[in-house]
Each structure stands twice: as C-alpha cells, then as structure tokens.
Number of protein chains: 2
Amino acid sequence: MQKVIIIGAGFAGLRAAKTLAGKNLDVLLIDQQNYHCFQPLLYQVATAGLEPEQIAYPVRGIMHNWPGVRFLMARVEHIDRSAKQVQTTMGSFSYDYLIVAAGGQTNYFGNRELEQYSFGLKTLNDAEQLRNHLLSTFERAAYESDPKVRQALHTFVVVGGGPTGVELAGAIRELVKHVLVRDFPQLENRQVQVILLEATDKVLGMFPKRLQQKTLRRLEQMGVDVRLNTAVEGASADQVQLKGGEVIPTHTLIWAAGVQGVSLAQSLELALVRGNRVQVQPDLSLADDPVVYIVGDLAYIEQAGKALPQVAPVAIQQAVTAAKNILQHSTGQATSNFVYRDRGSMATIGRNAAVAYIFGLQFWGFPAWVVWLFIHLMSLVGFRNRVVVLINWAYNYFFYDQAIRLITANRKPGDVDLAPALEHIQATTK
Amino acid sequence: MQKVIIIGAGFAGLRAAKTLAGKNLDVLLIDQQNYHCFQPLLYQVATAGLEPEQIAYPVRGIMHNWPGVRFLMARVEHIDRSAKQVQTTMGSFSYDYLIVAAGGQTNYFGNRELEQYSFGLKTLNDAEQLRNHLLSTFERAAYESDPKVRQALHTFVVVGGGPTGVELAGAIRELVKHVLVRDFPQLENRQVQVILLEATDKVLGMFPKRLQQKTLRRLEQMGVDVRLNTAVEGASADQVQLKGGEVIPTHTLIWAAGVQGVSLAQSLELALVRGNRVQVQPDLSLADDPVVYIVGDLAYIEQAGKALPQVAPVAIQQAVTAAKNILQHSTGQATSNFVYRDRGSMATIGRNAAVAYIFGLQFWGFPAWVVWLFIHLMSLVGFRNRVVVLINWAYNYFFYDQAIRLITANRKPGDVDLAPALEHIQATTK
C-alpha cells in the first residue's frame, strides 16, 4: 500500500487527508498539536468574545470516519527528500508521497525587537496570551497614579491593515466600549486609544476601493485611529517607534502585518521565494520531486500574474488538487494544474458591520455582517463548537457582554512589564 | 466611611462582599486572579468535559451591582495586623475590618517528592495542566513499542477517596470508555488502569455507610481499581511507591488527598492548627483581634465536637456570618456565633450515577445524578456559563463525546516525561 504523509492539520492538511481517506492508501497526518484551530476567529479569542476551546477541535475526532488515515502528534524536525523520510520528535516515517501543509507563522521581517515586544495572532496560544495581556493592562491601570503610565497602558497599537488587523482593532474598541467601562467604573471609553498602523495607503488591500473606504469610515466612527502610510521601526516594553521618528508610548503592540512560511521549509533544501514560501509547479508539486506537494500558506504560486494570497480558501482548494494529483500519479495518470476559484473575501469590523466581496458583489453593513456570521459559524468544525459559538455570539450581542474576560496563567514569555502585580502572579502560579 | 478588606474571591469572599455591598462601607475585594472559579467542576475540566472558561467568571462582572465594593487584582504578600494594613503586589491598603477568605491549597503533608511528581486539582490552571497531561499520555502511548512503558502510560493513579478523587477516577474511566477508544483504534478500554488509593477503610468518608458501599460498587463496576487502606509513600516521574513497598509504574499521579490553608495564614502570626488552618472564635473573629475574621477553608472551627469540613457550603455560610458580624460590631452591637446548617453532600461517580445525602435523605443512581446536575448548574455564576455548561453536558451525554480533548501549551512545570515529542512542543510553542 502506498504511504502518504501529510504535514499539518490546518485547513489544507485536513482537507487533503479527507480527500485521500478510503482510497486504499496508508495516510499519516502529522501535527504538533492534537487539534485543528479555526484561525479566522482567533481575534475573538484575543478579545474575550470566545473561549479558546470553541474554535479548536481534536484532530482524532475529525478523522473518526476516514479509513486509512492515522494521526501522529509530533513536531516535524526535518524532511529528508533523498531518503523519502520525515523525521519527527516521535521517530522517522517514510513516504511514497508527501504533502507539506505546514502553514505560516508571523512575519516580523527579521526584526527581533518587534518579535520580542509584540503579540502575534497565529495560534490559540497567541490569542490566549494576548487576551491575558489586554485585560491585565486595565487591571494595572486601575491602580496607576501616574497619568502618563496610565495612558500608555490604555494605548493599543495594531500593526497591519489586513482583515486580522481591522477585525482586532474593531474588537478591542467594542470590548472597551461595551464591557470594560462597566467593569472599571473610573474608565471612560475615550481614554482608551486604539491605533491601527498600515504601511500602505489603504486598509483591506484585496477588497474593492468602495469597501476599503467604508471600512475606513466605520473604523474611524468607532474611534479607531487609523494611520495609513505609517510603518513601524522598533519597539520596547513601553513604546513603539514609527519610521520618521514618532514614538507612541504603549504597553501593547500587536503584529498582524504579515505571514511567512514556517521554518520547516528550509529542510526542503530549495531556494525559497519571498516570505519563506516554496515555489511550486502548476500541479503543486516540486519541480525536481514529483512526489512532494506543497499546499497552503507555505506554497507560492501565481495566477494571472499575481501571487495567490495566504488564505483558507486557497489552502483548501490546493489540498484537494494535490490529493487528487497523488491519486492520479499513483495510477500512472497525468496530474492536473491548480486553478483557484476566488469566491470572495470578507472581514468584520464590529457589531452589525462587515464588508464582503462575494462572487463580484459588494456588501457592507448589517447584511455583510450576517453573511459573515453565517459563513464562519458553518465553517467551524464540530456540531458542539457551532452551538456554543452561536450561543456566545448571541449572548455577547444581546447582553453587550463578553464573559471570557479572564486572565489565566498563560503569558507570553517576557510579558512582565505589567509588574509588580503580574510578575508575582506568574511566578507563583504553578 | 469604614474600610473593609476581603482577601479572596472564592465562594466565601464573594458572598462576604455581596453581603456588605450597599451598606455604606468602603469594601475592597482582593484576589490574585480576576475571576471566580467554580472548583466543584474542576474535575470535568481535567477530563475534557468542560472548557476552563465555562466554570470561571470575571469578578468585576459579578460585582456590577454591588455598591461600595471595589476590586483589586493583586497577590497579598503580608497582613500587618498591628498597622491594620494588607500589603499586596500593587501596594499597601489599610482596613478597619478584614475578612481573610484566602482558601486552601493542595496538602502534600510536607512530601516534596509527591508535590513535584503529582497533579493537584485546586485551580483552573491545575485542571488544564492535568487535562493536557492525561491526553498526552495517550498520544505518546499510541507510538510506544515497549509494552511496559505503554502500560505505565495507560495507568492513572488517583490518591484520595473523597468526592474529588471519586469523581475524577470515574470521569477518567468514562473518558477512556466512550471517547478515547474511538480516537485511538488500537486502544482497548481494559488496557487502561485507573487506580483509586484511599488511606482509610472507606470512600466518601462523610457520607452514610450505605452510600459509601453503593459508590464503591459502582466504581468497581466501571473498572476503577479501588484500594482502601493504602497509603502512598513516594513518587517519581514513572512510578508511585506505596507504603509497604509495592510499586505502581505510572506517568500520572493525581493528588486529591487533602487541603490545607494557604501559606498567607503564616503572616497572621498565630499558632496554626492542623492543616495550616486558623483557629477562630465562635463568631469567626480572631481571639486577640476582633476586627479580623477568617472564613472558608482557612478557618478552623468545631461544631458538636467535630471540625467543620472544607467545603463550599461551610465557606458561604461563614461569609454571611462574618459580614453580618462586621456590620453589627461597627454599630456597637454584639456579634453572633456561627452555626453551620448542613443541607447535605453529594458526589457524582459517572453517567447516570451519583450519591446524595440531602436533609437526611439518601439518594443514589439516576435520581441523585439528576439532582447533582441541577444543583451544580444552578450554582454556576453567570447565565452564559449555565447555558454553555448545560449544552456541553447534553452534548457529552447524548453523543458520548467530550469535545474539549485538546492538548494546549499549558503544562505543569517539569511535566516532560512524555518526551521526546512533548518536550519539543513545549520548547517551541511561544
């Protein structure tokens, strides 16, 4: 029986495994987590709207009815293409075909300072650490007598005007306006500053111009200070330096300005293109290795002269193509080229407000928001998750509340600038 | 205005704050967490039945309508009774009256080895770390070729035959039987050993004899290996040593054998009684300090010649008495003595199975289980939590599933014996 190894249980890896299930293959799906995480909703975990466990689902639970698919929880350390082996922390496994769907990680463009002092939003852990930090700044500010320090604690800088940055900036604004002002009687909504920095001259770059403008206007109505053509140069524990010299005192820098391929890509021993991505053939295989396929955020492929974006629909469609190509190749047939069908994009800005560009149609406001809710709810894995997320959303919506505003022990390493209190909590919590 | 400080936002601290709210007092409630945790359901978090966030509720959310009560998230480092000051990691605060409701922590009876190698179950963090560990043992065992190591990974030792130990042992058994055997096709229910060790000759010591026997029989039916009159002497990463010399190879030792008062008690500078508890006067104040009250797990008081147990109903009733005594004392009236009204106890063993001893009546089986569910659901703080817990319970019950079986990055320090895989995950997860 032919052996297929799939690295990564994200959108692409899961879809590839599902497509190959029951096809008389020995499929091994490897991920370093035992769960699939629905990344598009991470920003709601970070802003206390959803519980981390609600947007994650155990991989083994998803695979119950996938014959021929096994799961291994391990970290892949190296891909040895000449020996056709994947070396993991749980031993080595050989393959006849390999699908690398290992995804992306936050791209700090090599700036170590930014990496150290900012919060990313790519994993469940990132989201929980950001939530704990955000909420801690308010606990700390409530007993801070120096108005300058208090203002820095109440300043949140989000970098990156893509969907993640827009959604997060809006969500922080709403968390403060509807929930935290009630929790902290001394706090006024206008004391809190949410600044969205974008290096180009627009937000939501891949959307039509009209939706970009609607997004901008809505963000400004909500009190988000959007600064276009503004790039970040450096950061420390209590400030952000902009290109041009301006300094923003803040204890919270959130980095949503880019994704790059995971570092595992290096072990393929290929020249990588921009963003640590792997250039693939039109059928998604490697030029010199027709049994290795790269899909999802890690793959670089152009269509109509433009690089395909690192988003879930691309990853899912690529996974299907790669899986089918393996089936075709293994039976001696020619492989098919990948063609992306762009069904559209959407982003939510806040309560009753989203923008959507679907099948060439533009929506905004409440209708777009309802469509966004529906599509995201249906995309969650697992009946239970859909129900509890729906209930949380309904609860948050009707009660203007976000009950998950808990500060748990999970902190970003080095996140001790909220000392003295939190340093101690961290040290003493087992 | 008189200042009251309450240390601890557990069952006792919250009830005390609520009783003192709106009484023209300046009340400061201090806790090192920003949430109240419903400890009786921690065992369900540990066994993947509930999400950590579902049994916790933000303290500030609870206090919205409590006039005169402020909250401080900080760790109390010292109580200076002579200066009437509480020193915290966020500064010092003075009081006219003090209620210490700081609760208990796991009691290892001074055995550092047991503390190092076992999992406690007193905090949300404990529960999440135990869940991550439990699930990891199965991921690790699935690729373990040495049958001895595999058996040790599949052996779970729970120490303590009180409600926590009984509930946890039953819940692990059911997690394996209904959920994990489907996740791991090679796994058989009978391969997994759950051993419940109890030093005395009975489980559920405070229950009537008939209910103890029903519990014992039910646990044995479920496949829990209950060993009475068995004490633990030592432990290491891969075994537990019993008194008498027997050694059980296991990677999981769970310590539910005792609670002691938190170490903060030392700063009261009093002789402490057994279990690090503070002997209080009949009105719950200190003998030499009538403005300091001790309530909950930290307080030691006898009734009808027996020490009151460290359970939520005692804590809640004591909080009301202490708060009322402060109101009486501050207006020059005599204080009242505490009288505990024991409404009963209950413990769940598994699906459709519980024991309850309420108002002198004994229930067991399905009726007791329904009563248990109802009472625990209603005791949760927050409408949202009740709804999502109910849905989770219904989902788990009807689908024989527990969807929270996620291994997150939160690990007990030193929990690396599941290496190599998990060590790496821990090291590389930010």
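**Strands, salt bridges and cores in a predicted model**

Let's start at a turn. In the hairpin of β26(B) and β27(B), 2 residues lie between the strands, and Phe359(B) there takes a positive phi near 45 degrees. Strands here are DSSP runs of E with at least two residues, helices are runs of H or I with at least four, and both are numbered from the N terminus.

A word on the source. This is a predicted model, where local features need pLDDT of at least 70 and side-chain atom pairs count only at pLDDT 80 or more, while totals for chains, interfaces and linings use all residues. Residues are numbered from 1 along each chain as its sequence is written, chains are lettered from A and ligands numbered from 1 in the order in which they are written, and side-chain values use heavy atoms, with hydrogens and water left out.

Back to the strands. β26(B) and β27(B), the latter covering residues 361-364, pair antiparallel over 4 bridges. Two strands count as paired if DSSP finds at least two bridges between them. Ala356(B) has Phe363(B) in β27(B) as its bridge partner.

Now the other neighbour. Strand β25, residues 344-350 of chain B, runs antiparallel to β26(B), with 6 bridges joining them. Ala347(B) is bridged to Val355(B) in β26(B). These strands also form a hairpin with 2 residues between them, and Asn352(B) in the turn has a positive phi of about 60 degrees.

How many residues of β26(B) are buried? The count is 5 of 6, in a strand spanning residues 353-358. Buried means under 20% relative accessible area, exposed means over 50%, and partly exposed is in between, using a 1.4 Å probe and protein chains only.

Next, charges. Side chains of opposite charge can pair when their charged atoms come close. The whole structure has 30 salt bridges over all chains. The criterion is a side-chain nitrogen of Lys or Arg within 4 Å of a carboxyl oxygen of Asp or Glu.

Take Arg60(B) and Glu139(A). Their closest N and O atoms are 2.8 Å apart. This pair crosses between chains, from helix α3 (residues 59-62) of chain B to helix α5 (residues 124-141) of chain A. Arg60(B) is buried at 7% relative accessibility. Glu139(A) is buried too, at 6%.

Asp289(B) and Arg81(B) form another salt bridge, at 3.0 Å from N to O. Where do these two sit? Asp289(B) is in strand β21 (residues 289-294) of chain B, and Arg81(B) is in the loop between β6 (76-80) and β7 (85-88) of chain B, 208 residues apart. Asp289(B) is buried at 11%, and Arg81(B) is buried at 16%. There is also a network: salt bridges that share partners join Glu53(A), Glu128(B) and Arg131(B).

Asp201(A) and Lys202(A) meet at 3.6 Å, N to O. Buried or partly exposed? Asp201(A) is partly exposed at 49%, and Lys202(A) is partly exposed at 33%.

Last, the cores. A nonpolar core is a set of buried Ala, Val, Leu, Ile, Met, Phe, Trp, Tyr and Cys residues joined through side-chain atoms within 4.5 Å. The largest has 129 residues, and Leu29(A), Ile294(A) and Ile55(B) touch the most other members. Helix α7 (residues 163-183) of chain B gives the most to this core, with 9 residues. Apart from it lies another core of 128 residues, including Leu130(A) and Met90(B).
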